[in-house]
Amino acid sequence: MKLNLVPTYVSKERQGRTAIIGAVFIAILGIAAAMMLTMSSKKQLEIARSENEEAKPKAQAAVDTSNQAEVIIAAAGQIIKDTNLAEAMVRHNDVYPDFYTNEIIPYIPPFFRISSLSATPVDGTTSTVNMVGTLKSYQQYADLVLALMRIKGAVSIGRNGFSGERFMVPAITPDDQIGRYRKTTDPTIPDDPLQRLAYYQAQGTPPTGYLGVGNYGSGLPDARGATPDESLISIQITVKKNLQTPDPRATLRTSASTAGVATGGPAAGFGGPPAGFGGPPAGGLPPSTSTAPSGKGGRNTDD
């Protein structure tokens, strides 16, 4: 049997020395790591400061350019508005012709002979189309509305002016057991041959020769109206269509008033050359000023 005769305090002293040595080693490692991190952080901070100093001139140049662009845009508001007005006026040259030829005329039935066609804007979304023409029968008068309702955006159609003769198939009566087709203003056509002969004799004969109706046969290059067997019909169509015309006067007046307010004096363009010639408008335009041209309505365009 082996006996441990070494006192216990001897082993504890050895353990204490080992712990102290380990603690000192850990402390040395911590100090070394802290010094390395501190040096690395300082180096990175110096690099970041150097890059920041190098980037400052470029950033300042970008800011200056942006501020200059805002000044130029504000000063060029009048030029932009004038340009938009000119472009809108040029584009509007085709609005009415395209509207007539592409959206209205293709839906006018052949039996309706038009003599005039015009369109008037009501507001920014609605317009009124007026047309005058001739047709013969009441059936055509009814079919005309159905044909025109095919127009894209048509909301309502009004008509008036039919003065032609209307026909009907009457109810059977003792004198007319067949229900002969006749005018609504004519009396009953009898079944008896002799009475029917007297009926037709009483109808008389229509006038013959030159009647001078509707400028037909006049030999003059005047517009032809309705013939004796036709009716002159007026049509009013409400269409969802913006036909407003650019209003140069209102647009330029708004621009001049805005320039006058900006400079604190009389409106630019009155008593001198308009702003924008030879340089930007005095005082510029506020950023909120609209550059869209004004529109106006109440204008008729005849085809």
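In this predicted model, the side chains of Glu 53 and Lys 56 meet in a salt bridge, with 3.7 Å from N to O. Both residues belong to helix H1, which covers residues 8-75, and they stand three residues apart, about one turn of the helix. Glu 53 is partly exposed because its relative accessible area is 48%, a value between the limits of 20% and 50%. Lys 56 likewise counts as partly exposed, at 45% relative accessibility.

A search of the whole structure finds five salt bridges. In general terms, side chains of opposite charge can pair when their charged atoms come close. Three of these pairs are set out in the table below.

| Salt bridge | N to O distance |
|---|---|
| Glu 53 and Lys 56 | 3.7 Å |
| Glu 103 and Lys 241 | 3.1 Å |
| Asp 176 and Arg 180 | 3.4 Å |

Glu 103 forms a salt bridge with Lys 241, and their closest N and O atoms are 3.1 Å apart. This pair links distant parts of the chain, since Glu 103 lies in helix H3 (residues 95-104), whereas Lys 241 lies in the loop between strand S6 (231-239) and strand S7 (245-246), 138 residues apart. Lys 241 is partly exposed, with a relative accessible area of 24%.

Asp 176 and Arg 180 meet through their side chains in a salt bridge of 3.4 Å, N to O. Salt bridges that share partners join Asp 176, Arg 180 and Asp 191 into one network. Asp 176 and Arg 180 are both buried.

Is Asp 186 buried or exposed? Asp 186 counts as buried, because its relative accessibility is 17%, and the limit for that class is under 20%. When its neighbours within four places in sequence are left aside, Asp 186 is in contact with Tyr 199 and Gln 203.

The protein as a whole contains six helices and nine strands. Strand S1 (residues 113-121) and strand S2 (residues 127-135) pair in the antiparallel sense over eight bridges, and these two strands form a hairpin with five residues between them. Within this pairing, Ser 116 has Val 132 in S2 as its bridge partner, while Leu 117 stands opposite Met 131 in S2. Strand S2 also pairs with S6, in the antiparallel sense and over nine bridges; here Ser 127 stands opposite Val 239 in S6. As a general point, the side chains of a regular strand alternate between the two faces of the sheet.

Which residues are in contact with Val 129, leaving aside its neighbours within four places in sequence? Val 129 is then in contact with Phe 99, Ile 104, Leu 117, Ser 118, Ala 119, Ile 235, Gln 236, Ile 237 and Val 239.

Ile 20 has its place in helix H1. Ile 20 counts as exposed because its relative accessibility is 55%, where the class requires over 50%.

Some totals complete the picture. Buried residues make up 22% of the 303 residues in the protein. The accessible surface comes to about 20500 Å², and carbon and sulfur atoms hold 60% of this area. Among the contacts with a separation of 6 or more, 60% are between residues 24 or more positions apart.

Technical notes: Residues are numbered from 1 along each chain as its sequence is written. This is a predicted model: local features need pLDDT of at least 70, side-chain atom pairs count only at pLDDT 80 or more; totals for chains, interfaces and linings use all residues. Side-chain values use heavy atoms; hydrogens and water are left out. A salt bridge is a side-chain nitrogen of Lys or Arg within 4 Å of a carboxyl oxygen of Asp or Glu. Helices (H or I, at least four residues) and strands (E, at least two) are DSSP runs, numbered from the N terminus. Buried means under 20% relative accessible area, exposed over 50%, partly exposed in between (1.4 Å probe, protein chains only). Two strands pair if DSSP finds at least two bridges between them. Contact means heavy atoms within 4.5 Å. Accessible areas come from the Shrake-Rupley method with a 1.4 Å probe; for residues, only the protein chains shown count as cover.
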